[in-house]
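Hello,

Here is the structure I promised to hand over. My notes follow below it.

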Amino acid sequence: MARHIYRCPLRWSDMDAFGHVNNVVFLRYLEEARIDFMFRLAPGEGSESFTGGSVVARHEIDYLRPLVHRHEPVTVETWVTKVGAASLTVAYEVKDAEAVYVRASTVVVPYNLEKGRPRRITAEERSFLEEYFDDSAGAPGESGDAREGAVAV
C-alpha cells in the first residue's frame, strides 16, 4: 500500500493567539495534500481523471496535539480507505518525525460541473485510487467492522 506524501509549509499566519496552528488551518493543509494527490498525481498525461470537479461531502478530524510554528514543513500522508460507485474516502495524518498532530478523513464526491450533479468514479480513477488503498489504519472514529469490505468493485 502506497501513501501519498505532501510536505506542507507552516505559515506565520497559521498561528492563533495561543501560538499554535489554528484548528481551521488544518483543513487547508488537508486540502493542499488532497489536491496534490488527486490532481497532480492523476493517472496519465492528457487524462481527464479528477479534472471535472469534486465536492467535499464530509470531514472528520481528530486533533491529537498542538502544532507550533517552525521553519520545517510538516508531512501530510494521504491514502484511500474507501472507494464507492460515486464517492471515495481519503484518510490523512499530519505529522513529523516526532509526532502525529492530526488524523483526519474526507469523503469526496466527483462532480460534473456542467450538469450540476455528482458523477460516478471512472475505471481509470478507481485503478489509481486502489494503488493507495489501505483500510487497516482506518479513518478517525471508525471501528474495524465499519472498514471491512470497503472497496466496492
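**Overall layout**

The protein chain has three helices and six strands; helices (H or I, at least four residues) and strands (E, at least two) are DSSP runs, numbered from the N terminus. Their order from the N terminus is β-α-β-β-β-β-β-α-α.

Before the details, two notes on handling. This is a predicted model, where local features need pLDDT of at least 70, side-chain atom pairs count only at pLDDT 80 or more, and totals for chains, interfaces and linings use all residues. Residues are numbered from 1 along each chain as its sequence is written, and side-chain values use heavy atoms, with hydrogens and water left out.

Of the 153 residues, 44% count as buried. Buried means under 20% relative accessible area, exposed over 50%, partly exposed in between (1.4 Å probe, protein chains only).

**Core**

The largest nonpolar core has 32 residues. Such a core is a set of buried Ala, Val, Leu, Ile, Met, Phe, Trp, Tyr and Cys residues joined through side-chain atoms within 4.5 Å. Val21, Tyr29, Phe37, Leu67, Val76 and Leu129 touch the most other members. β1 (4-8), α1 (25-40), β3 (74-83), β4 (88-95), β5 (100-112) and α2 (123-130) each supply at least two residues. α1 gives the most, with seven.

Beyond its neighbours within four places in sequence, Leu67 contacts Leu10, His20, Val21, Phe26, Tyr29, Val74 and Tyr101.

β1 pairs with β3 in the antiparallel sense over five bridges; pairing requires at least two DSSP bridges between the strands. Ile5 has Glu77 of β3 as its bridge partner.

**Salt bridges**

There are 10 salt bridges, each a side-chain nitrogen of Lys or Arg within 4 Å of a carboxyl oxygen of Asp or Glu.

- Arg11 and Glu32: the closest N and O atoms are 2.7 Å apart. Arg11 lies in the loop between β1 and α1, and Glu32 in helix α1, 21 residues apart. Arg11 is partly exposed at 31% relative accessibility, and Glu32 is partly exposed at 22%.
- Asp96 and Arg70: the closest N and O atoms are 3.1 Å apart. Both residues are buried.
- Lys95 and Glu93: 3.4 Å, N to O. Lys95 and Glu93 are buried. Shared partners join Arg3, Glu77, Glu93, Lys95 and Arg103 into one salt-bridge network.

Best regards

Conventions
Contact = heavy atoms within 4.5 Å.
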